[in-house]
Amino acid sequence: MDIVQIGETTRGKNEFSVTMVDDRDNNYIYSAERTSKIKSNNKWAIQPLLGRNENAEGFSNFTSGLFPDEPLQEDVTNMGVLGDLEEPYLAKAIELITGSSAKGDQKVVLPIETMTSSKMFTPLKDNMYVTDPPIIW
């Protein structure tokens with residue numbers, strides 16, 4: 001089957017993990033719905049890497065992300081409605097399948113740019129600090 005990726009380069013995460021806490025009844029797997037079930041004196045959580053994703057050909061080096069065959073940036077002024085034939089990504093897919101021009105407008109007026117990262121709200125981010133006296137873990 002031919003697959004065409006429409007959009008932007010993916011973020012490149014090719015590994016998967018699970019957060020584990022002291023919740024034996026849920027096989028130690030963290031679940032936000034079960035927060036009240038976690039032992040109140042819990043002092044640990046781990047997030048082990050469990051594996052790596054790969055495609056049907058065994059390729060798993062997605063660390064640089066996957067590059068789209070048909071680049072199309074999300075537009076804050078025209079995000080569309082999922083399922084609507086004029087939603088930009090669906091319109092582009094239909095255009096590629098049928099070979100006829102899309103009904104939806106795919107011109108990007110105000111592109112959505114990444115303005116944050118998951119580390120933005122982490123107090124120490126990924127910075128290293130020198131302390132006196134040194135902290136030994």
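Is E70 buried, partly exposed or exposed? I looked it up: E70 is partly exposed, with 24% relative accessibility. My classes are buried for under 20% relative accessible area, exposed for over 50% and partly exposed in between, with a 1.4 Å probe and protein chains only.

A note on provenance before I go on. I am working with a predicted model, where local features need pLDDT of at least 70 and side-chain atom pairs count only at pLDDT 80 or more, while totals for chains, interfaces and linings use all residues. Residues are numbered from 1 along each chain as its sequence is written, and side-chain values use heavy atoms, with hydrogens and water left out.

**Entry: salt bridges**

I searched the whole structure and got 4 salt bridges. The criterion is a side-chain nitrogen of Lys or Arg within 4 Å of a carboxyl oxygen of Asp or Glu.

I stayed with E70 to begin. E70 pairs with K92, and their closest N and O atoms are 3.6 Å apart. E70 sits in strand β4 and K92 in helix α1, so this bridge ties together parts 22 residues apart in sequence. For the element names I use DSSP runs numbered from the N terminus: helices are H or I with at least four residues, strands are E with at least two. K92 comes out as buried, at 12% relative accessibility. Shared partners in the salt bridges link E70, K92 and E95 into one network.

Next I checked R52, which meets E15 in a salt bridge at 3.0 Å, N to O. R52 belongs to strand β3 (residues 49-52) and E15 to strand β2 (residues 15-17), so the pair ties together parts 37 residues apart in sequence. I find R52 partly exposed at 46% relative accessible area, and E15 partly exposed at 29%.

Then I looked at R34 and D23, whose closest N and O atoms are 2.8 Å apart in their salt bridge. Both R34 and D23 lie in the loop between β2 and β3, so this bridge ties together parts 11 residues apart in sequence. R34 is partly exposed at 21% relative accessibility, whereas D23 is buried at 3%.

**Entry: surface**

Which residues make the nonpolar surface patch? I have V76, M79, V109, L110 and I112, with about 430 Å² between them. Patch members have over 30% relative accessible area and no salt bridge; like charges are joined within 9 Å and nonpolar side chains (Val, Leu, Ile, Met, Phe, Trp, Tyr) within 5 Å. I placed M79 in the loop between β4 (70-71) and α1 (88-98). M79 counts as partly exposed, at 43% relative accessibility.

I worked on a 1 Å grid over the protein atoms alone: a cavity is a set of points where a 1.4 Å probe fits but cannot get out, a pocket is an open set with protein on both sides within 12 Å along at least five of seven lines, and lining residues have an atom within 4 Å of a point.

The largest pocket holds about 160 Å³ of space. Its lining is I3, Q5, N55, A56, F59, F62 and L66, which I sort into 5 nonpolar, 2 polar and no charged residues.

I also count 1 cavity of 30 Å³ or more. The largest cavity has about 50 Å³ of space. It is lined by 11 residues, and Q73, D75, N78, P88 and Q106 lie nearest its centre.

Note on methods
Accessible areas come from the Shrake-Rupley method with a 1.4 Å probe; for residues, only the protein chains shown count as cover. Grid points are joined across faces, edges and corners, and a volume is the space filled by probe spheres set on the points. Ala, Val, Leu, Ile, Met, Phe, Trp, Tyr, Cys and Pro count as nonpolar, Asp, Glu, Lys and Arg as charged, and the others, Gly among them, as polar.
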